[in-house]
Amino acid sequence: MAVTPAGIIGTLLVAVVVATCVRLGFWQLSRLEQRRELNAGIAARLEREPIGDIARLTDTAGLAYRVATARGLFDNDRYIVLPGRSHQGVPGVYLIMPLRLANRRDALLVNRGWLPSPDAATIDATDFAVRDSAAVRGLVLPFPGRAQSLAQRDAVARDTAFRHVWFAIDERALRAQFPYPLLNVMIQQLRSSADTARYPVRLGPPPLDEGPHLGYALQWFAFAVIGVVGWFALVLRSRSAPRAASPALIALVLLAAGSRLDAQLRPIDPLEWRIFDRQAWLVAGAGGGVLWEQPAPLAGTRGRLLELGRWSLAFRSARIAVELGGTALWRLAEHDTVAVAAPEVAPDDGIRQDAGVAFASTAVRLSPDPWPLDLVLRFGATIPTTSDESGLDRDRTDFFALLGLRYRHGPIALTAENGVGINGTLRHDLPQSDVWTYAFGASYGLAGMRVAADLVGRQDGHSYVIRGNEDLRELRAGFDIGSARWLRVRYVHGLTDEAAPAHGLRISAGVVLSGRD
């Protein structure tokens with residue numbers, strides 16, 4: 001095996017990428033440990049004896065996540081609103097009011113809870129005014145807001161009108177608009193037996209989850225493993241077919257780049273397994289589809305969705321395959337409104353259209369050639385080409401990493417893909433959702449035709465629904481005709497109401513090029 005300058009440079013490049021991925025993996029594990037320690041500290045504070053009256057304390061340092069009581073009069077005219085807060089899929093706001101503490105000249109901000117708001121920004125606070133003296137029991141939290149730029153501060157400071165709606169809080173500007181001092185902490189009011197009104201909906205303690213750090217760590221370690229495996233595959237391949245290394249190297253670079261991946265109104269399509277058939281090196285196809293009763297969760301509507309200009313291209317060199325594809329246009333003809341549109345969504349005349357998804361993925365075959373079982377590690381992307389304003393999808397970037405299996409015995413083929421997706425959301429308080437992503441398939445070859453069925457979807461395991469990130473399951477059944485030139489027909493049946501269509505039809509045609517190995 002020849003040692004060349006290009007080979008040395010490539011090896012050093014892969015070593016740097018692998019070392020970086022391993023370091024980032026251990027960094028995420030350290031972040032996970034910090035998160036666990038923080039959760040343990042918060043849990044211990046939540047279990048401590050409640051503070052009888054926060055107004056009696058002269059120093060509020062170190063009280064975060066303690067339960068406390070405060071007494072005084074609400075200043076109903078100087079409320080503030082934190083917009084863009086949803087509850088069970090309904091748009092709304094958080095209502096924060098200052099409580100003038102008894103026998104003191106300062107006040108304490110109290111987050112009284114969530115209120116519905118059609119535009120997720122404005123409310124009529126007079127309906128929720130409290131005229132009498134109140135005793136508030138709640139969770140002590142840090143003072144809201146983070147410092148913005150000096151230009152933003154100055155602009156706010158020159159505005160003499162009291163500002164009720166704060167999309168981003170500047171602590172100094174917020175304090176400056178009150179005629180009395182504010183304590184350095186706030187209270188998030190908890191539900192009590194005295195609460196009889198439906199609104200505001202009281203907020204609970206923060207969820208003590210471990211966040212996405214373990215998933216991130218596994219992903220970085222997987223990138224490192226694929227970098228090593230892919231490089232050895234390229235080296236071994238170069239011994240017999242040196243010219244084939246270049247496209248495979250491109251695939252490895254795409255893989256190592258680790259683009260943030262996949263935002264979808266539709267679920268991730270299964271791997272194009274035919275690209276790993278013997279001597280196949282390119283699979284290309286194009287087509288379209290129509291889906292009836294397709295929900296658009298952000299727009300709060302459903303209707304007939306046309307998928308126009310669907311295309312796909314899979315290229316393989318040795319054990320590494322790269323998939324590209326997408327949909328040129330989504331066009332939704334609405335016929336039913338099921339919810340209030342999200343704040344980001346623009347009004348329309350019953351027709352919503354936008355660019356569809358564009359995806360890219362890299363798959364590495366890990367199993368030896370003689371095996372009847374294909375083991376594949378796959379990383380992919382459906383790149384967000386839609387806008388939040390269209391209401392058809394969220395303009396967010398996500399990750400996914402899947403482990404795939406294919407077993408073939410005679411005319412029977414069974415496939416499975418399972419893995420993790422790390423999807424962005426529209427929520428300010430929960431910017432990502434970690435989901436289980438899967439695809440299970442079975443097919444049977446019969447007289448030049450292959451009958452097939454796939455179950456695809458995603459599930460996040462939360463007890464609540466994140467708008468735009470709803471769980472999704474679909475059953476796709478149909479047939480393929482031909483091999484070198486093929487026609488694919490799939491009937492789509494949705495198995496969830498929130499994001500899947502009632503039924504639909506997809507048709508595509510294409511070619512398989514073989515002759516290279």
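Predicted model: local features only at pLDDT ≥ 70, side-chain atom pairs only at ≥ 80, totals over all residues.
Visitor: What makes strand 3 and strand 4 a pair, and in which sense do they run, parallel or antiparallel?

Guide: Two strands pair if DSSP finds at least two bridges between them, and nine bridges join strand 3 (residues 92-101) to strand 4 in the antiparallel sense. Strands here are DSSP runs (E, at least two residues; helices are H or I, at least four), numbered from the N terminus. Residues are numbered from 1 along each chain as its sequence is written, and side-chain values use heavy atoms, with hydrogens and water left out.

Visitor: With which strand does strand 4 pair in the parallel sense?

Guide: Strand 4 pairs in that sense with strand 6 (residues 182-189), over four bridges. Gln188 in strand 6 is the bridge partner of Asn111.

Visitor: Why is strand 4 called largely enclosed?

Guide: Buried means under 20% relative accessible area, exposed over 50%, and partly exposed in between (1.4 Å probe, protein chains only). Nine of the ten residues of strand 4 (residues 107-116) are buried, so the rest of the structure largely encloses this strand.

Visitor: Why is Ala19 called partly exposed?

Guide: The relative accessible area of Ala19 is 47%, so this residue is partly exposed. Ala19 lies in helix 1 (residues 5-46).

Visitor: Which residues have the most contacts inside the largest nonpolar core?

Guide: A nonpolar core is a set of buried Ala, Val, Leu, Ile, Met, Phe, Trp, Tyr and Cys residues joined through side-chain atoms within 4.5 Å. The largest has 26 residues, and Ile54 and Leu108 have the most contacts inside it. Strand 3 gives the most to this core, with five residues. Leaving aside neighbours within four places in sequence, Leu108 is in contact (heavy atoms within 4.5 Å) with residues including Ile54, Ala70, Met97 and Val185.

Visitor: What makes up the lining of the second largest cavity?

Guide: The lining divides into five nonpolar, one polar and three charged residues. Strand 15 (residues 432-446) supplies the largest share, three residues.

Conventions: Nonpolar A, V, L, I, M, F, W, Y, C, P; charged D, E, K, R; others polar.
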